[in-house]
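Reader: I'd like to learn how to read a helical model feature by feature. Could you walk me through one?

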Amino acid sequence: ADTQLRLKDPSAALVNFQLAIDRYPQGPLVADARFGRARALEALQRPDEAVAQYEEIIRAGGARAEDAQFHLGLLAFERKQFAQAAAAYQELWTRYP
């Protein structure tokens, strides 16, 4: 799925990230699969769904929470939601110094 995302096939990547999440919900790479799913949603121009996925990753904590927090800020900035972007980055600096 990661390769598909890098090759600019986010639709296929989304399907395969979801497949990995469904098959191995407690697996050691599930956080990476959820993060990849969020990135695929971004690439598919589905920012609201990407935000929801990033927020879920942050709530769960773990290895990808910091990256998810960064991408929340980036998405908000790209959508010209500057106050939300600033808040997301402030949270990033506070939670992950």
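Predicted model: local features only at pLDDT ≥ 70, side-chain atom pairs only at ≥ 80, totals over all residues.

Reader: How many salt bridges does a search of the whole structure find?

Author: The general idea is that side chains of opposite charge can pair when their charged atoms come close. Searching the whole structure turns up eight salt bridges. Take Glu56, which forms a salt bridge with Arg34, with 2.7 Å between the closest N and O atoms. Glu56 lies in helix H4 and Arg34 in helix H3, so this pair ties together parts that are 22 residues apart in sequence.

Reader: Which residue forms a salt bridge with Arg79?

Author: That's Asp48, and the closest N and O atoms are 2.8 Å apart. Arg79 lies in the loop between H5 and H6, while Asp48 lies in helix H4, so the pair ties together parts that are 31 residues apart in sequence. Arg79 counts as partly exposed at 33% relative accessibility, and Asp48 counts as exposed at 55%.

Reader: What about a salt bridge within one helix, such as Arg39 with Glu42?

Author: Here the general idea is about spacing. An α-helix has 3.6 residues a turn, so residues three or four places apart point the same way. Arg39 and Glu42 both lie in helix H3, three residues apart, or about one turn of the helix. Their closest N and O atoms are 3.8 Å apart. Arg39 is partly exposed, with a relative accessible area of 34%, whereas Glu42 is buried, at 16%.

Reader: Let's turn to helix geometry. What span should helix H4 have?

Author: Count 1.5 Å a residue: the 14 residues of helix H4 (residues 47-60) should span 20 Å, and its end C-alpha atoms are 20 Å apart, which agrees.

Reader: Which residues of H4 are buried?

Author: Ala50, Val51, Gln53, Tyr54, Ile57 and Ile58 are the buried residues of H4. They cover an arc of only 165 degrees around the axis, which puts them on the same side of H4. Over on the other side of H4, Asp48, Arg59 and Ala60 are exposed. The cover over the buried residues of H4 includes helix H3 (30-43), helix H5 (65-78) and helix H6 (82-95).

Reader: Which residues touch the most other members of the largest nonpolar core?

Author: That core has 26 residues, and Tyr54 and Leu72 touch the most other members. Helix H2 (10-23), H3, H4, H5 and H6 are the elements that give two or more residues to this core. H3 gives the most, with six residues. As for Leu72, leaving aside its neighbours within four places in sequence, its contacts are Val51, Tyr54, Glu55, Ile58 and Ala88.

Reader: And H6: which of its residues are buried?

Author: In H6, Ala85, Ala88, Tyr89 and Leu92 are buried. They cover an arc of only 95 degrees around the axis, which puts them on the same side of H6. Ala83 and Thr94, on the other side of H6, are exposed. What covers the buried residues of H6 includes H5.

Reader: Last topic, rings. How many aromatic pairs does a search of the whole structure find?

Author: A pair of aromatic rings is described by the distance of the centres and the angle of the planes. The search of the whole structure finds four aromatic pairs. In one of them, the rings of Phe70 and Tyr89 have their centres 5.8 Å apart and their planes at 50 degrees, so the pair is tilted. Phe70 lies in helix H5 and Tyr89 in helix H6, so the pair ties together parts that are 19 residues apart in sequence. Phe70 counts as partly exposed, at 37% relative accessibility, while Tyr89 is buried, at 19%. Together, Phe70, Tyr89 and Trp93 form one aromatic cluster.

Conventions. Residues numbered from 1 in each chain as written. Heavy atoms only, no water. Helix = DSSP H or I, 4+ residues; strand = E, 2+ residues; numbered from the N terminus. Expected span 1.5 Å × (residues − 1). Buried < 20%, exposed > 50% of the residue type's maximum accessible area, 1.4 Å probe, protein only. Arc of directions from axis to C-beta. Contact = heavy atoms within 4.5 Å. Phe/Tyr/Trp six-rings, centres within 6.5 Å; stacked < 30°, edge-to-face > 60°. Core = buried A, V, L, I, M, F, W, Y, C linked by side-chain atoms within 4.5 Å. Salt bridge = Lys/Arg side-chain N within 4 Å of Asp/Glu carboxyl O.
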